[in-house]
Amino acid sequence: MTVEEVKKAIRNVPDFPIKGIQFKDITTALARHDCLCWMKDEIVRRYKDLGITQVVGIESRGFILAPAVAMEIGAGFVPIRKPNKLPGETLKVLYDKEYGKDTIEIHKDALTPEDVVLIHDDILATGGSMYAAVELVRKAGVKKIYTNCLIELEGLNGKQFLADRGVEIECLFGIEVEE
Ligand code: AMP
């Protein structure tokens with residue numbers, strides 16, 4: 001399995017969910033056992049020796065691989081969810097999206113100051129969602145935070161947006177927005 005093969009397995013859907021967006025659909029790669037294993041194994045390889053205790057997945061597509069990775073690297077899984085989904089007491093972060101604002105939440109008691117956290121999502125676009133997730137985990141007060149996405153959408157400056165805010169991110173590979 002090569003990174004090029006996995007890239008080819010990701011489907012581009014023009015004008016979804018709204019006109020002008022080139023939607024990168026990972027379901028076509030997830031449906032292939034070889035691609036699915038490659039993506040999981042590649043994340044595990046990069047993060048297995050860093051003492052990570054919790055893998056935090058961002059709803060919804062960050063939930064697909066985060067638990068599989070957590071099980072292999074000996075960590076737990078913690079969800080970051082959309083508003084009013086988590087039943088316990090939560091910490092919240094309000095952030096700007098392309099159209100309007102959004103809130104994300106995490107359970108207040110899900111992380112401890114001893115935790116080393118990997119935050120995972122499927123795609124890095126502008127970086128807004130990942131930065132909001134980092135702020136939320138920072139609020140929880142953990143020891144260290146790593147961040148990872150499967151795909152960087154090149155040309156949207158998500159990496160730079162995060163770097164400007166002191167966050168370094170690793171993506172498995174990049175795809176041109178128009179590709
Ligand atoms: P952003 O906050 O701009 O970095 O957007 C990242 C989030 O939006 C991720 O959770 C992605 O799943 C989703 N997303 C943004 N742009 C795309 C796209 N072109 N194709 C698929 N998902 C996207």
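**View 1. Several elements come together around the largest pocket.** Strand E2, strand E5 (90–96), strand E6 (101–107), strand E7 (116–124) and helix H5 (128–140) each put at least two residues into the lining of the largest pocket. Keep in mind that this is a predicted model. Which element gives the largest share of that lining? That would be H5, with 6 residues. The space inside the pocket comes to about 1200 Å³. There are 40 lining residues, and those closest to the centre are Arg61, Lys97, Glu98, Ala125 and Ser129. Sorted by class, the lining holds 19 nonpolar, 13 charged and 8 polar residues. As for how such spaces turn up, rolling a probe the size of a water molecule over the atoms shows where empty space is left.

**View 2. H5 also takes part in the second largest pocket.** This pocket has a volume of about 240 Å³. Two or more of its lining residues come from each of H5, strand E8 (144–154) and strand E9 (169–176). E8 is the top contributor here, giving 4 residues. If you want to pick out the lining by name, look for Tyr47, Val134, Arg138, Lys144, Ile145, Tyr146, Thr147, Gly166, Val167, Glu168, Ile169 and Glu170. By class, they split into 6 nonpolar, 4 charged and 2 polar residues.

**View 3. Strands E1 and E2 run antiparallel.** Here strand E1 (residues 11–14) is joined to E2 by 4 bridges.

**View 4. A closer look at Gln22 in strand E2.** Why does Gln22 count as buried? Its relative accessible area is 18%, and buried means under 20%. The side chain of Gln22 makes a polar contact of 2.6 Å with the side chain of Asn12. Leaving aside residues up to four places away in sequence, Gln22 touches Asn12, Val13, Pro14, Val177 and Glu178.

View 5. A bit of background first: most peptide bonds are trans.

**View 6. Asn84 and Asn157 have positive phi values.** Most residues other than glycine have a negative phi. Asn84 has a phi of about 65° although it is not a glycine, and Asn84 belongs to the loop between strand E4 (76–80) and E5. For Asn157, also not a glycine, the positive phi is about 60°. Where is Asn157 found? Look in the loop between E8 and helix H6 (158–163). Why do Asn84 and Asn157 count as exposed? Exposed means over 50% relative accessible area; Asn84 has 69%, and Asn157 has 55%.

Technical notes. Residues are numbered from 1 along each chain as its sequence is written. This is a predicted model: local features need pLDDT of at least 70, side-chain atom pairs count only at pLDDT 80 or more; totals for chains, interfaces and linings use all residues. Side-chain values use heavy atoms; hydrogens and water are left out. Two strands pair if DSSP finds at least two bridges between them. On a 1 Å grid over the protein atoms alone, a cavity is a set of points where a 1.4 Å probe fits but cannot get out, and a pocket is an open set with protein on both sides within 12 Å along at least five of seven lines; lining residues have an atom within 4 Å of a point. Grid points are joined across faces, edges and corners, and a volume is the space filled by probe spheres set on the points. Ala, Val, Leu, Ile, Met, Phe, Trp, Tyr, Cys and Pro count as nonpolar, Asp, Glu, Lys and Arg as charged, and the others, Gly among them, as polar. Buried means under 20% relative accessible area, exposed over 50%, partly exposed in between (1.4 Å probe, protein chains only). A polar contact is a pair of N or O atoms within 3.5 Å; within protein, one must be able to donate a hydrogen and the other to accept it, and residues adjacent in sequence count only if both atoms are side-chain atoms. Contact means heavy atoms within 4.5 Å.
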